[in-house]
Amino acid sequence: MQYQESNSFRGNHRTTKVKQRSSCSDSLERVVKLASVSAVVIFSSSSCCMCHAMKRLFCELGVNPTVYELDHDPNGKSMEKALSKLLGNSPAIPVVFIGGELIGSMDRVMASHISGSLVPLLKEVGALWL
């Protein structure tokens, strides 16, 4: 395929877009892989008060979640974008996966906790024994 001189910018722009899509796809793949490593996985930021509250909730329930601090990960920003897309473009952190399944952000987890469905789910995946 030949590009004329006037199309060379457009060709480079396409390459950049393909790389961006590939990067997002790679980040999403990485998120899914990391989310399946443990019974409870939290994607967090170390300076986020809502993330701190989420981690505290699980610890107080007796769960030892695997926590990925995205602000300490070199690919954290792209992973955060991938999480945002998974959540329908809502704020991406904190995000909780239980048993490898996306539960959601703070509002969904708290709603599950208040309704009484969180603890049985944690028991089902082996994160709680009592």
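Start your tour by selecting Glu60 and Arg56, which both lie in helix α2, four residues apart, about one turn of the helix. Helices here are DSSP runs of H or I with at least four residues, strands are runs of E with at least two, and both are numbered from the N terminus. What you have open is a predicted model, where local features need pLDDT of at least 70, side-chain atom pairs count only at pLDDT 80 or more, and totals for chains, interfaces and linings use all residues. Residues are numbered from 1 along each chain as its sequence is written, and side-chain values use heavy atoms, leaving out hydrogens and water.

**Stop 1: the salt bridges**

Show the side chains of Glu60 and Arg56: they meet in a salt bridge, 2.8 Å from N to O. The term means a side-chain nitrogen of Lys or Arg within 4 Å of a carboxyl oxygen of Asp or Glu. Is Glu60 buried or exposed? Glu60 counts as exposed because its relative accessibility is 60%, while Arg56, at 49%, counts as partly exposed. The cut-offs are under 20% relative accessible area for buried, over 50% for exposed and in between for partly exposed, with a 1.4 Å probe and protein chains only.

How many salt bridges does a search of the whole structure find? It finds three.

With 18% relative accessibility, Lys55 counts as buried.

Now select Arg30 and Asp73, another salt bridge, whose closest N and O atoms are 3.0 Å apart. This pair links distant parts of the chain, 43 residues apart: Arg30 sits in helix α1 (residues 8–35), and Asp73 in the loop between β2 (66–69) and α3 (76–86). Arg30 counts as partly exposed, at 32% relative accessibility.

**Stop 2: two helices side by side**

Two packed helices are described by the angle between their axes and the distance between the axes. Select α2 and helix α4 (residues 106–115), which pack at an angle of about 30°, their axes 11 Å apart. Each axis is a line fitted to C-alpha atoms, for helices over the stretch in contact, and angles run from 0 to 180 degrees between N-to-C directions. α2 and α4 are therefore roughly parallel to each other, a label for angles under 35 degrees.

Which residues of α2 meet α4? Show Met50, Ala53, Met54, Leu57 and Phe58 in α2, which meet Met106, Val109, Met110 and His113 in α4. By class, this contact (heavy atoms within 4.5 Å) has eight nonpolar, one polar and no charged residues. Nonpolar covers Ala, Val, Leu, Ile, Met, Phe, Trp, Tyr, Cys and Pro; charged covers Asp, Glu, Lys and Arg; the others, Gly among them, are polar.

While in α4, select Ser112. Ser112 counts as buried, at 17% relative accessibility. Leaving aside neighbours within four places in sequence, Ser112 is in contact with Ser117 and Leu118.

**Stop 3: helix α3**

Select Gly76, Met79, Ala82, Leu83 and Ser84 in α3, which are buried. Just after α3, click on Gly88, which takes a positive phi of about 80°.

**Last stop: the whole chain**

Zoom out to see five helices and four strands. From the N terminus on, the elements run α-β-α-β-α-β-β-α-α. Of the 130 residues, 34% count as buried.

Terms used: Angles under 35 degrees count as roughly parallel, over 145 as roughly antiparallel, 65 to 115 as roughly perpendicular and the rest as oblique.
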